[in-house]
Amino acid sequence: MENRLDVLTSVDVLNTLHGGVSEPQVSVNQLDNSLEVRIRVPSIDPEAIQVEINNNSLFVYYVMNINSAGKNIRLPYTIYNGQLPYFIDIGKINSTLEERQLVITLPFNALADGYYKKIKTRED
């Protein structure tokens, strides 16, 4: 029984069960006023890729349908999961499709240029 557990924990089981999926290609580019995340998963339709923001984290994934014992099980496959920096305007994040790629635009906010404040010490 131990050998089976070793095998299950040493491979990407979802990838194996699904018949193999090409590795996602993720690139992050800095533009003048934003960051741009480009995602391509060769065997997945870009329209099937989901983008969510939860507690200042950007979560990008797609759902694989696995048929097991006559039941359809929907399993998420994570492509990207990362904290958003303080200088991103979370309310203005958007995504588009370009040439079989999902493009997520992360616009900068006013803090991207830095923040300065001189703190005066109070006497109590």
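Colleague: Which residues is serine 57 in contact with, leaving aside its neighbours within four places in sequence?
Modeller: Glu52, Asn81, Gly82, Gln83 and Leu84, where contact means heavy atoms within 4.5 Å. This is a predicted model: local features need pLDDT of at least 70, side-chain atom pairs count only at pLDDT 80 or more, and totals for chains, interfaces and linings use all residues. Residues are numbered from 1 along each chain as its sequence is written, and side-chain values use heavy atoms, with hydrogens and water left out.

Colleague: Is serine 57 buried or exposed?
Modeller: Buried, at a relative accessible area of 14%; the cut-offs are under 20% for buried, over 50% for exposed and partly exposed in between, with a 1.4 Å probe and protein chains only.

Colleague: And where does proline 76 sit?
Modeller: In strand 5, residues 71-83; strands are DSSP runs of E, at least two residues, numbered from the N terminus. Proline 76 is partly exposed at 47%, and its C-alpha atom is separated by 6.4 Å from that of tyrosine 61, 15 residues apart along the chain.

Colleague: New topic. In what order do the 4 strands of the open sheet run?
Modeller: 1-2-7-6, with antiparallel pairing; two strands pair if DSSP finds at least two bridges between them.

Colleague: Which strands stand at the edges?
Modeller: Strand 1 (25-30) and strand 6 (94-98); each has a single partner strand, so one side of each is left without a neighbour in the sheet.

Colleague: Over how many bridges do strand 6 and strand 7 pair?
Modeller: 5, in the antiparallel sense. Threonine 96 stands opposite valine 103 in strand 7.
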